[in-house]
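Please consult the sequence and structure shown here alongside the text.

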Amino acid sequence: MNLGIFITCRNGSTRLPNKCNLKFFKNLSYIEFIFKRTFMVKQECKRILCTTKKKEDLGLVKTAKKFNIDFFRGDTEDKLQRWLDAAKKYKIDFFVTVDGDDPLFDPKLVDKAFKQYLRYKSEFIDAKGTICGLFTYGISVKALQKVCKLKNTKDTEMMSVYFTDTGLFKCENLSNINSSFYRDDIRLTLDYPEDDIFFKKLTNKLKSKNEKITTKQIIDTVNQNPDILKINNHRIIEWKTNQLKKTKLILKK
């Protein structure tokens, strides 16, 4: 089995321009931090930046090369097709997605997803109810191929429904997650200026001196400094509302 981590990232954000290249931790930008953090995953796998062919995303490719991350430049709008083409190029059977706006994703959860796939042949793995930004999805490429034949749109930013709502795939929630990870008051994703402020204040309070920050350290720090949640948790409802508005299941007749 060929396993992969697909780091999905592109420039062009309007709410927080050039967000992935903003300075974050020590001398690292957000995307550099994510690239380094993927090497905390223990399972043997390929690490691949999935970005677009737009000129503005060429800088991401150059950064990926600096960190020995493979890359694929594909469809600008259709994230599912971009993933499929990347999987074909690198001969990937199953991949876990890491969004370019989730700098504190949990590498241990990525390892759990790989183990769950290898044991149960899961086609789509989610982690519903966990802290936003800890984990995105695990996806079987065979299932992805079917989805790309079924869908009738290139707007696939909110794509989970093509797996969960069609009744065609073995969809599972990520198992054996620490119960403390189920929080809806912590926001660990980068969309708004407040998120950037939150991340920097959070990491300033953390005792970790490198990118090997654990989710336990994050939760402990938040519990000890609850006021920092006020920086960006008012954005949670707005973010969820926007996600729901953009989520559509458009299938071929």
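Helix α9 (residues 235-246) has 12 residues and spans 17 Å from its first C-alpha to its last, close to the 16 Å expected at 1.5 Å a residue. The expected span is 1.5 Å times one less than the number of residues, and helices here are DSSP runs (H or I, at least four residues) numbered from the N terminus. The model is predicted: local features need pLDDT of at least 70 and side-chain atom pairs count only at pLDDT 80 or more, while totals for chains, interfaces and linings use all residues. Residues are numbered from 1 along each chain as its sequence is written, and side-chain values use heavy atoms, with hydrogens and water left out.

**Helix α9**

- R235, I236 and W239 of α9 are buried, that is, under 20% relative accessible area, where exposed means over 50% and partly exposed lies in between (1.4 Å probe, protein chains only).
- An α-helix has 3.6 residues a turn, so residues three or four places apart point the same way.
- On the other side of α9, I237, L244 and K245 are exposed.
- The cover over the buried residues of α9 includes α7 (193-205), with contact meaning heavy atoms within 4.5 Å.

**Cysteines**

- The whole structure contains 0 disulfides, a disulfide being a pair of cysteine sulfur atoms within 2.5 Å.
- C20 is in no disulfide, and the nearest cysteine sulfur, that of C9, lies 3.8 Å away.
- C20 is buried, at 2% relative accessible area.
- The sulfur of C45 is 13 Å from the closest cysteine sulfur, in C50, which is too far for a bond.
- C45 is buried as well, at 13%.

**Salt bridges**

- There are 17 salt bridges, each a side-chain nitrogen of Lys or Arg within 4 Å of a carboxyl oxygen of Asp or Glu.
- K79 pairs with E157, their closest N and O atoms being 3.7 Å apart.
- This pair links distant parts of the chain, 78 residues apart: K79 belongs to helix α3 (residues 79-90), and E157 to the loop between α5 (141-150) and α6 (161-164).
- K79 is buried at 7% relative accessibility, whereas E157 is partly exposed at 35%.
- D195 and R187 form a salt bridge at 2.9 Å between the closest N and O atoms; D195 is buried at 0%, and R187 is buried at 1%.
- R15, K19, D101, R187, D191 and D195 are linked in a network of salt bridges.
- K230 and D227 form a salt bridge at 3.5 Å, N to O, and both residues are exposed.

How values were computed: Helix = DSSP H or I, 4+ residues; strand = E, 2+ residues; numbered from the N terminus.
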